[in-house]
Amino acid sequence: MDTIGIIAEYNPFHNGHLYQINQVKTITGAKNIVIVMSGDFVQRGTPAWTDKYLRTEMALSQGADLVFELPAVFATSSAETFAHAGVSLLTSLGFVDGICFGSECSNLCLLHEIAAFLSNPPYSYEETIRNLTAKGFSYPAARQQALNSFFSNLYQEYPNLFSEPNNILALEYLKAIRKQNSPLQPILIPRAGSGYHNCSLNSSLASATAIRNAVKNFAALSQIVNAVPAEIFHLLETNKNRYPVSENNFSDLLYYRLLKSTANDLAIPDMTEEIFHRIQKILPSFKSYQDFLSNIKTKQYTYSRISRVLLRLLLDISILPEFPDPLEPPYVPYARLLGFRREKSFLLRQKTSIPIITKPADGIKNIQDFYSYLPENANYLYEKDIFCSNLYRQIQNNVTQCTRPNEYFCQPVIYP
């Protein structure tokens, strides 16, 4: 396989990410690595630790050849939607042969079997989830318990099969490939080093969570010198005015948005009447973004779900496109280029089934000129990307005194 795709956040890029890129090159002999990366807001419902352009430069410096942006509406969604959108974008490029992902489970055949089950689950499985959520279980907890009961024979060998975050994403990638009839060949790299939520820096393969927690300001950068590649550490040293950005930097904006909240916000994806009324009840005691988020969380609604609801309110993400029929236009109707290696620019001239956008100011025109029949929500998705990037840029500028141009004037990172 010549070209392999990876769906990532690189929030920030660390040794584990480099391990994945090197492993997939060794296993497949791939000549080209294409990254689909979250932009300035990420899947757990928070702003990225640093901006998408610095993270793009990180990826290119470590062996990535092209970096495309996963639209913000999808990048801030559930694992299922996040994976479906990433697979759609990679498939629509046309020149990507496979998709590489990490997993705590090293048994790809087993993951295929479970993904097939989840792609067309029996009524009894869905009924089990409904019964459990009615009893107060969160959806992820109910799903995990239902899967454990249907695959009880696997529990002894794989006790965390349905709870580890990379296993969950791996299953969603495989489901998306099946549902989209995608030709992408899956390549599984068993996760090495610390777990996703592990906050220890003792391992050279420390998690992104540990790195973000350690670097609350530039003075703490030395703590992660062994957790990131040397080139990444140098990029962080020379761009100290571009991080860290956190939820609390958006506290005033969130409070303002919540003050304006109305019953119309019940249409926000993942919002429920219970969450809406809890927001209204607790709002008078609002102190900060993170404090409010912790107070809203309940046993039934996970931290991640509440985080995504608040972020969608802040970003006014009121539409989440439905998964389309395979015969309809692509789920992700464009590919926004964030950066590329100069010697791999020929890949951008390949025939694709979606437009590749290199100049943000020309994005809407590129989309409209490409299609004879404009895909539903295409303009909405692109305009939301521009809005999200400009909002992030403004907060980043205020917090770190970084001065970056308006998104319409940004150009792709060209490396080297």
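**Figure 1. A salt bridge between Arg242 and Asp51 in the predicted model.** The closest N and O atoms of Arg242 and Asp51 are 2.8 Å apart. Arg242 sits in the loop between α10 (230-238) and α11 (251-259), while Asp51 sits in the loop between β4 (46-47) and α2 (52-61). The pair therefore links distant parts of the chain, 191 residues apart. Arg242 counts as buried because its relative accessibility is 13%, under the cut-off of 20%. Asp51, at 0%, is buried as well. The model has 16 salt bridges by the rule used here.

**Figure 2. A salt bridge between two strands, formed by Arg336 and Glu69.** The side chains of Arg336 and Glu69 meet at 3.7 Å, N to O. Arg336 belongs to strand β8 (residues 335-341) and Glu69 to strand β5 (residues 66-70), so the pair ties together parts that are 267 residues apart in sequence. Arg336 is buried, at 3% relative accessibility. Glu69 is also buried, at 3%.

Figure 3. An α-helix has 3.6 residues a turn, so residues three or four places apart point the same way. Asp369 is exposed, with a relative accessibility of 54%, and Lys365 is exposed at 53%.

**Figure 4. The buried and exposed faces of helix α11.** Ser251, Leu254, Arg257 and Leu258 are the buried residues of α11. Seen down the helix axis, these residues fall within an arc of 130°, so they line one face of the helix. Asp252 and Tyr256 are exposed and lie on the face turned away from the buried side. Among the elements that cover the buried residues are α12 (273-282), α13 (289-296) and α14 (303-315).

Figure 5. His84 is buried, with a relative accessible area of 5%.

**Figure 6. The aromatic pair Phe41 and Tyr392.** The count of aromatic pairs in the model comes to 16. In this one, the ring centres are 5.8 Å apart and the planes stand at 85°, so the pair is edge-to-face. Phe41 is in strand β3 (residues 41-42) and Tyr392 in helix α16 (residues 378-400), and the two are 351 residues apart. Both Phe41 and Tyr392 are buried.

**Figure 7. The aromatic pair Phe117 and Phe151, and the cluster around it.** Phe117 and Phe151 are edge-to-face, at 5.1 Å centre to centre, with 85° between the planes. Phe117 lies in helix α5 (residues 108-119) and Phe151 in the loop between α7 (139-150) and α8 (165-179), so the pair ties together parts 34 residues apart in sequence. Phe117 and Phe151 are both buried. One aromatic cluster is formed by Phe117, Tyr125, Phe150, Phe151 and Phe162.

**Figure 8. A charge over a ring, from Lys299 to Phe137.** The charged end of Lys299 sits over the ring of Phe137, at 5.7 Å from the ring centre.

Technical notes:
Residues are numbered from 1 along each chain as its sequence is written. This is a predicted model: local features need pLDDT of at least 70, side-chain atom pairs count only at pLDDT 80 or more; totals for chains, interfaces and linings use all residues. Side-chain values use heavy atoms; hydrogens and water are left out. A salt bridge is a side-chain nitrogen of Lys or Arg within 4 Å of a carboxyl oxygen of Asp or Glu. Helices (H or I, at least four residues) and strands (E, at least two) are DSSP runs, numbered from the N terminus. Buried means under 20% relative accessible area, exposed over 50%, partly exposed in between (1.4 Å probe, protein chains only). The arc is that of the directions from the helix axis to the C-beta atoms. Contact means heavy atoms within 4.5 Å. Rings of Phe, Tyr and Trp (its six-membered ring) pair if their centres lie within 6.5 Å; planes under 30 degrees apart count as stacked, over 60 as edge-to-face and the rest as tilted. A charge sits over a ring if NZ of Lys or CZ of Arg is within 6 Å of the ring centre and within 35 degrees of the ring normal.
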